[in-house]
Amino acid sequence: MRSVIDILDLSKEEVQELIDSALDMIENPAKYAKILEGKKLATLFYEPSTRTRMSFEAAMLELGGTVISMADANSSSAAKGETVIDTARVISCYADIIAMRHFKEGAALAAANKGSMPVINAGDVGHCHPTQTTAYLLTIYREKGGVDGLTVGFVGDLKYGRTVHSLINALSRYSGIKLVLISPNELALPRYVIDNTIIPSGMEYVETTSLEDSIADLDIIYMTRIQKERFDDQAEYERLKDSYVLDAAKMKNAKADCRVLHPLPRVNEISVDVDDDPRACYFKQVLNGKYMRRALILKLIREAEAKPDTKELGIATRLKRMPEEQAKRCRCGNPKCITFTEPSTPNIFVTEDGENYRCAYCETAL
Ligand SMILES: [Zn+2]
């Protein structure tokens with residue numbers, strides 16, 4: 001069986017397979033209404049995210065399965081000192097698949113590693129949230145007919161916005177993508193994303209501070225929120241904040257067939273006067289997220305039935321692993337990593353070049 005922790009755990013072909021499956025589910029709901037009868041999804045949320053949890057639960061119910069839920073896992077098991085691994089083992093006795101959200105990076109991988117069922121990462125802090133990324137891809141696919149060749153503008157906080165990094169990762173596997181990175185200098189995309197993802201993939205990119213100057217070129221406008229607390233200089237924040245707000249006046253200069261996405265919840269970075277614009281897709285994208293969760297739950301449960309004895313753990317399977325004895329002697333230094341707070345979690349370090357290792361849970365370099 002396999003788990004999906006990061007968007008890159010799915011190949012480009014598998015993402016397409018999920019898109020095709022989601023489209024078929026939309027066309028033929030009756031065919032899928034009972035397809036997972038007798039199967040159970042457990043939602044295990046250590047951090048509240050009611051909308052994400054409801055999306056997973058609705059997806060499972062629409063496939064004829066049932067749902068058991070630990071909506072506030074933090075107060076029930078973690079408060080008693082139970083590790084994520086032990087909790088996942090217990091839940092394995094009740095359910096066929098887990099959707100898990102946790103406040104520590106790598107928690108879903110830890111659960112997948114020792115549990116006996118597929119785990120879908122429903123978000124681990126800002127680290128990964130793969131089903132949200134697939135929601136954007138389905139939205140782009142349905143609205144634009146495909147992903148290749150699009151000019152995608154990312155607007156706002158590109159430094160801390162991990163949904164941005166995840167979508168850039170996903171786009172890096174398509175061809176002819178141009179990225180327009182629009183942010184204040186303080187919140188520019190980190191250099192490592194440019195060096196490790198954008199340049200090797202051959203995507204074209206430009207960096208700019210002006211949404212107004214670049215909006216006319218964009219096929220996709222991906223908005224994010226600029227948070228006041230991210231700025232050292234509050235006067236700079238006050239000066240800039242309105243230039244990254246998308247409103248009807250700015251939309252007049254956008255392409256007639258562009259589409260607007262947003263990770264939600266929206267605060268004020270998209271004016272409500274854009275909501276009724278047919279190019280606004282941030283609410284459609286929520287529905288598409290549910291469709292992609294349906295497709296992924298079905299795929300993983302079917303794969304687990306076909307290959308119950310294999311275990312695919314994303315990055316820990318894709319890349320070369322440090323020998324276990326050596327890994328026991330190393331330690332990840334990231335305090336947000338699950339191995340840091342739960343030291344009984346077995347260390348896994350992986351390498352691409354055979355020399356430089358990084359933690360499989362949080363991807364921090366050793
Ligand atoms: Zn780590």
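## Burial and the basis of the model

A residue is called buried if 20 or more other C-beta atoms lie within 10 Å of its own, exposed if 12 or fewer do, and partly exposed in between, with the C-beta atoms placed from the backbone. By this rule Ala249 is exposed, because 11 other C-beta atoms lie within 10 Å. Ala249 belongs to helix α12 (residues 248–251), where helices (H or I, at least four residues) and strands (E, at least two) are DSSP runs numbered from the N terminus. Ala249 and Lys159 are 90 residues apart along the chain, and their C-alpha atoms are separated by 27 Å.

The model is predicted, so that local features need pLDDT of at least 70 and side-chain atom pairs count only at pLDDT 80 or more, while totals for chains, interfaces and linings use all residues. Residues are numbered from 1 along each chain, as its sequence is written.

## Overall form

The protein contains 16 helices and 12 strands, and its C-alpha atoms fill a box of roughly 55 × 50 × 40 Å, taken along the principal axes. For 366 residues a compact globule would have a radius of gyration near 21 Å, and the value of 21 Å for the protein agrees with this; the radius is taken over C-alpha atoms, and the globule rule is 2.2 Å times the number of residues to the power 0.38.

Buried residues account for 45% of the 366 residues. Two residues are in contact if their C-beta atoms, placed from the backbone, lie within 7 Å, and among contacts between residues at least 6 apart in sequence, 75% join residues at least 24 apart.

## Domains and one contact between them

The domain assignment, whose bounds come from an automatic or database source, gives domain 1 (7–129 + 287–306), domain 2 (132–282) and domain 3 (319–359). The C-alpha centres of domain 1 and domain 3 lie 25 Å apart, and the contact between these two domains takes 10 residues from domain 1 and 10 residues from domain 3. On the side of domain 1 that touches domain 3, the elements that give two or more residues are α5 (84–92) and α6 (107–114), with α6 giving the most, 3 residues.

By class, this side of domain 1 has 5 nonpolar, 3 polar and 2 charged residues, where Ala, Val, Leu, Ile, Met, Phe, Trp, Tyr, Cys and Pro count as nonpolar, Asp, Glu, Lys and Arg as charged, and the others, Gly among them, as polar. The buried residues of α5 are Val84, Ile85, Thr87, Ala88 and Ile91. They cover an arc of only 160° around the axis, which puts them on the same side of α5; the arc is that of the directions from the helix axis to the C-beta atoms.

## The largest nonpolar core

A nonpolar core is a set of buried Ala, Val, Leu, Ile, Met, Phe, Trp, Tyr and Cys residues joined through C-beta atoms within 7 Å. The largest one has 108 residues, of which Ile98, Ala111, Ile221, Ile297 and Tyr361 touch the most other members. Helix α13 (residues 284–306) supplies the largest share of this core, with 8 residues.

Leaving aside residues up to four places away in sequence, Tyr361 touches Glu105, Gly106, Leu109, Ala110, Cys332, Cys337, Ile338, Thr339 and Ile348.

## Backbone details and loops

Most residues other than glycine have a negative phi, and most peptide bonds are trans. The peptide bond from Leu264 to Pro265, however, is cis, with omega near 0°, and Leu264 also has a positive phi, near 60°. Glu363, which is not a glycine either, has a positive phi of about 65°; Glu363 is found in the segment after β12 (357–359) and counts as partly exposed, with 17 C-beta neighbours inside 10 Å.

Ile215 lies in the loop between α10 (211–214) and β8 (220–223), and with 21 C-beta neighbours inside 10 Å it counts as buried. Ile215 and Met251 are 36 residues apart in sequence but 8.0 Å apart in space, C-alpha to C-alpha. Not counting residues up to four places away in sequence, Ile215 touches Lys250, Asn253 and Ala254.
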